[in-house]
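Here are a few exercises to work through with the model open beside you. Try each task before reading its solution.

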Amino acid sequence: MAEILETLNRIFQDVVDDKNIILKRETTAQDVDEWDSLNHITFIVAIEKHFKAKFTTAEIRSWKNVGDMCDSIARLA
Amino acid sequence: MRFLELKKNLKKDFSGFKKVKIALLGDSATQHLTQAIRGYGYEAGFDLEIFEADYDQIDRQILYSFSELYQSRPEYVILFQSVQKLKKKFYNTDISQRNLFAQDEAKRFGGLLAELNKNIQGVKIILANFMELNDSVFGQYANKTNMSFLYQIRHLNCELMELALKTKNLSICDIASLTSAFGQAAAIDNRNHIYADMAFSLDFLPYIAKGTIDIVQAVSGASRKCLILDLDNTLWGGIIGDDGVENIQVGDLEQGKAFTELQYWARELERRGIMLAICSKNDGDIAKIPFEKHPDMVLTLDDIAIFVANWDSKVDNIKKIKSFLNISYDSIVFIDDNPYERGVVRHHLPEITVPDLPEDPADYLPFLCGLNLFETTAYTLDDRKRTAYFQQELKREITQSAYTDEREFLKSLGMTCEIDPFSTFNIPRATQLLQRSNQFNLRTIRYTEEDLQHFSTSDVHLSWTFSVHDQFGSYGLISVVIGRIDGEELFIDTWVMSCRVLKRGVENLALNEIVNGAQRRGARRVRGEYTSTPKNGLVKDHYRNLDFTDAGYGQWTLDVASYKPREHFISTTKIGDA
């Protein structure tokens, strides 16, 4: 699970082009300045690309924080 | 390029890049598209300032003359309407009107363009056409009824082409062909379309961005003019020096087909006005044998502006080709199957475009076509004659070497020049010259056809176009001068000349005409200005060489009364006065 979080963190840093951002399981979009709706879309597409997966809209909407995202990804495997 | 790479460009340093103001109007969520376009601009050396209109405001922004669009004073307006919104509009159109849907939409676009032209002088418009989406209401029968959406989209795309034919400052960003090459299914991200109203997937945005930037680049005068080709394993399979003419592969059999297809493409480019040059490590005579003897060769020596085959380095040979054709490195594409040669050329001549040709010759042509290397904004009949010019030029050089005296050589050429003011006949070619000339261009103002039309009827402007001919052939329209009368002064607003006629005396002839015009209009003084650009160092001393007086700050003046006509060996014919 820590590995998934790490990967997500790396993808997010890539999306916003900022190596200093650290995502934690409890991080939400409100906690990070750059995490606006535009970057949210970019972020999700990048995650899907990385894990070669497609999330349903319902799943995406159910995510309350980074931890939920990690759990969704873990279920893919 | 991928979307994320383009996005990363946004944080890079744009200083020193050419600033261009763009307004983007769309009826879907266009924020990511804006990021992609600005990011792609970085790749092409543009610092694009993009005004992105609020969501779905195309009509309001254009029809309301105090809108933010007009306040942003854009040089380019990009209209980006999505096929999804078009579909909605089509479905809401009364059945009885649907057969006219495309025509009505085209008319609507025509009206929007007219409004843009009215409100922004000299604006350039980029209009996205439509993905040809079959909504599966009629199945393939959609092709057999004008009541289908597919029929109306295709018709609309044709109507937009017609509109572009008639509207000089309109370019089409060809979404229809881009999506069909990319794949419609991948070009749309259903989830982001439904929930975020994004017309296209993030993966596809770089392609639209490239399509847009390609147009901006071509419009701002940077287009590619020359294709330099290697021979062995690039234009034919095998090695002519080792295999012999009967064993190289070209024609309809096996691998040969790939090379033949590439040759057909190159020949079409030549006919469009791209100059072809050969640069090969070969024995010069042997390298020409396939062109002369092989029955399946598509290209002939007549298609080649300059043929260089020897054992020198390709870098040196390309320098030679470049100076003979008098073009800049950034207008050259070099194609070679050998990665080593490509690397060396890329290293020493970084401005040249050197595509990394795929290994399999079967992939050569599709790969090159995918790069869209030869975007342009105009096509004139003159373009087709370009190769012939250089072949004549080669004959002139041979003649020149027979003369030790420059004046005797010039006399021997038997030059004639037709001098005309702007007219509907010469304005397209004159505009093209203004767009393309970088070196012999004193102020580098890229006027449009509309501007030239305006000058042709303006009381204060004088215009001259010069078309030169000699015993070896025609150079075509090779110089344009625009003068503006300002009281007792004639200001040389624009002076461009094709480098084809450098050192032929055309500048002298032109100045005689300019001074004549000044005299006729009662001006006592001619003023010229040199505005330096990275490419026009050639004419830095232009006015000094013509005996103008340095007035400082790039300004040069010439007294009309004391002017002595300059010597040249060109006889002139005139249609009308400027």
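**Exercise 1.** Find where B:Asp336 lies in chain B of this predicted model, and decide whether B:Asp336 counts as buried or exposed.

*Solution.* Start with the secondary structure: B:Asp336 is in the loop that runs between strand 9 (332-335) and helix 16 (339-348) of chain B. Next, take its accessibility. The relative value is 1%, and the cut-off for buried is under 20%, so B:Asp336 is buried. Now look at what surrounds this residue. Not counting residues up to four places away in sequence, B:Asp336 touches B:Asp230, B:Thr234, B:Lys314, B:Glu341, B:Arg342 and B:Leu357. With one of these, B:Lys314, the side chain of B:Asp336 makes a polar contact of 2.8 Å.

**Exercise 2.** Describe how domain 2 and domain 3 of chain B meet.

Second, turn to area. The size of an interface is often given as the accessible area lost when the parts come together. Here about 1200 Å² is buried between domain 2 and domain 3 of chain B, with carbon and sulfur atoms giving 49%. On the domain 2 side, B:Met275, B:Phe324 and B:Asn326 supply 39% of the area buried against domain 3, more than any other three residues.

Third, check the polar links. Six residue pairs are in polar contact between the two domains (both at pLDDT 80 or more), and the salt bridge count between them is one.

Finally, sort the domain 2 side. Helix 13 (256-272), strand 8 (304-310) and helix 15 (314-325) of chain B each give two or more residues to it; helix 13 gives the most, with three residues. By class, this side has seven nonpolar, three polar and six charged residues.

**Exercise 3.** Which salt bridge does the side chain of B:Lys535 form?

*Solution.* Follow the side-chain nitrogen of B:Lys535: its salt-bridge partner is B:Asp330, at 2.7 Å from N to O.

How values were computed: Residues numbered from 1 in each chain as written. Chains lettered and ligands numbered in written order. Predicted model: local features only at pLDDT ≥ 70, side-chain atom pairs only at ≥ 80, totals over all residues. Heavy atoms only, no water. Contact = heavy atoms within 4.5 Å. Buried area = accessible area lost by both parts, 1.4 Å probe. Salt bridge = Lys/Arg side-chain N within 4 Å of Asp/Glu carboxyl O. Polar contact = N/O pair within 3.5 Å; in protein donor to acceptor, adjacent residues only side chain to side chain. Helix = DSSP H or I, 4+ residues; strand = E, 2+ residues; numbered from the N terminus. Nonpolar A, V, L, I, M, F, W, Y, C, P; charged D, E, K, R; others polar. Buried < 20%, exposed > 50% of the residue type's maximum accessible area, 1.4 Å probe, protein only.
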